[in-house]
Amino acid sequence: MIRRVVVKAVGGLDQLEVEEGPPPPPPSKGQVTVLVKACGLNFYDIYVRHGLNPEVQPPCTLGLECAGVISAVAEDVQSVKVGDHVAVHCPQAGACAQQITVDEESVIVVAKDISFEVAASFTITYQTAYFSLFHLGGLRPGGAVFIHSAAGGVGWAATQLAKTIPDVTVFGTASAHKHDAIQENGVDYAIHHDQVVLIGAKGMIKGEHRSLWCVLKTWWNTKNVSPQSLIMKNHAVAGFHLSELRKKDPKAFRKGWIEVRDMITNGVLSPRIDSVWKFEEILEASKQISEWKNIGKVIVKP
């Protein structure tokens, strides 16, 4: 039997539990089995709990990313072997379990001197920031970028990635008590986060609860943009979903994953671990994110 963090139904923390169940099946063609050592929590996990992701609905096992050790591989698998340390991407959730079986393309080997906490921290946040800044945003030398929630997982990653480009100016929002931390991370101008900015579905959730009032407020405060305005001002509006990128362009996803991993291995990027919790402490760990207490990544371990 193995333990996993399960979202029982749509709702708040009372629908989040640690359960025991049978281990995953052994790897079939193109698959590997991973003994999970650490899991990264993301704001996206709160979206799943509140039913905001139509593709992943409760009941389900929580978690988009984790890290661990390869314990078994199918005969046709060539890219990894038993004993390798890996980061794992679970686009349909399921990472928060003691043991998982996934496709070979869902893992990437990491150096054994990188902690499992760090290995579990970069797949979602750093890749989301990487593609948003460099592929959609086209950030260039001498440019500027505005980063909302610069102390959160994606914001922390985006700041570091932006600073790999020469002479880039970073504006970042965060609570006042987090300003010193985000400036040490590379933010040039720290701004209090009270101004209305839409990122993902954060504005639709208040603490641990999905709020109809917050949903309506977010919709009301989201500025309408006309095509003519975009054209005349040379502006653009774009959205990004990492799992959708992997589905439609797996080669680009893999290339970005490798580049981010290599920058971490070489010390160019430095993920920050905010806190580490046990599976049994999942309620407190989740609050750390939903109440915006974290600076960097929140990790849970079996």
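This is a predicted model: local features need pLDDT of at least 70, side-chain atom pairs count only at pLDDT 80 or more; totals for chains, interfaces and linings use all residues.
**Notebook: aromatic pairs and helix packing**

I began with the overall count: the protein has 10 helices and 15 strands, where helices (H or I, at least four residues) and strands (E, at least two) are DSSP runs numbered from the N terminus. Residues are numbered from 1 along each chain as its sequence is written, and side-chain values use heavy atoms, with hydrogens and water left out.

**Totals.** I looked up burial next: of the 302 residues in the protein, 51% are buried (under 20% relative accessible area; exposed is over 50%, partly exposed in between, with a 1.4 Å probe and protein chains only). Then contacts, meaning heavy atoms within 4.5 Å. Of those with a separation of 6 or more, 69% are between residues 24 or more positions apart.

**Aromatic pairs.** My search of the whole structure gave seven aromatic pairs. The rule covers rings of Phe, Tyr and Trp (its six-membered ring) with centres within 6.5 Å; planes under 30 degrees apart are stacked, over 60 edge-to-face, and the rest tilted. I checked Phe43 and Tyr47: ring centres are 5.6 Å apart with planes at 65°, so this pair is edge-to-face. Both residues belong to helix α1 (residues 43–49), four residues apart, about one turn of the helix. Phe43 is buried at 12% relative accessible area, and Tyr47 is buried with 12%.

I then opened Tyr130 and Phe134, whose ring centres lie 5.5 Å apart with planes at 85°, so they are edge-to-face. These two are in helix α3 (residues 123–136), again four residues apart, about one turn of the helix. Buried or partly exposed? Tyr130 counts as buried at 5% relative accessibility, whereas Phe134 is partly exposed at 23%. I also noted one aromatic cluster formed by Tyr130, Phe131, Phe134 and Phe240.

**α3 on α9.** How do the axes of α3 and α9 cross? They come within 10 Å and cross at roughly 110°, α9 being residues 250–265; axes are lines fitted to C-alpha atoms, for helices over the stretch in contact, and angles run from 0 to 180 degrees between N-to-C directions. That makes α3 roughly perpendicular to α9 (65 to 115 degrees; under 35 is roughly parallel, over 145 roughly antiparallel, the rest oblique). From α3, Thr123, Tyr126, Gln127, Tyr130 and Phe131 meet α9 residues including Phe253, Trp257 and Val260.

Phe253 has another entry: Arg246 lies over its face, 5.6 Å from the ring centre. My test for that is NZ of Lys or CZ of Arg within 6 Å of the ring centre and within 35 degrees of the ring normal.

**His179.** I found His179 in helix α5 (residues 179–184), and at 16% relative accessibility it counts as buried. Leaving aside neighbours within four places in sequence, His179 contacts Ala174, Ala190, Ile191 and His192.

**α10.** Last stop was helix α10 (residues 282–290), where Ile282, Ala285, Ser286, Gln288, Ile289 and Ser290 are buried. The buried residues of α10 pack against several elements, among them β1 (2–7), β3 (31–41), α1 and β15 (297–301). Just after α10, I noted that Trp292 takes a positive phi of about 55°.
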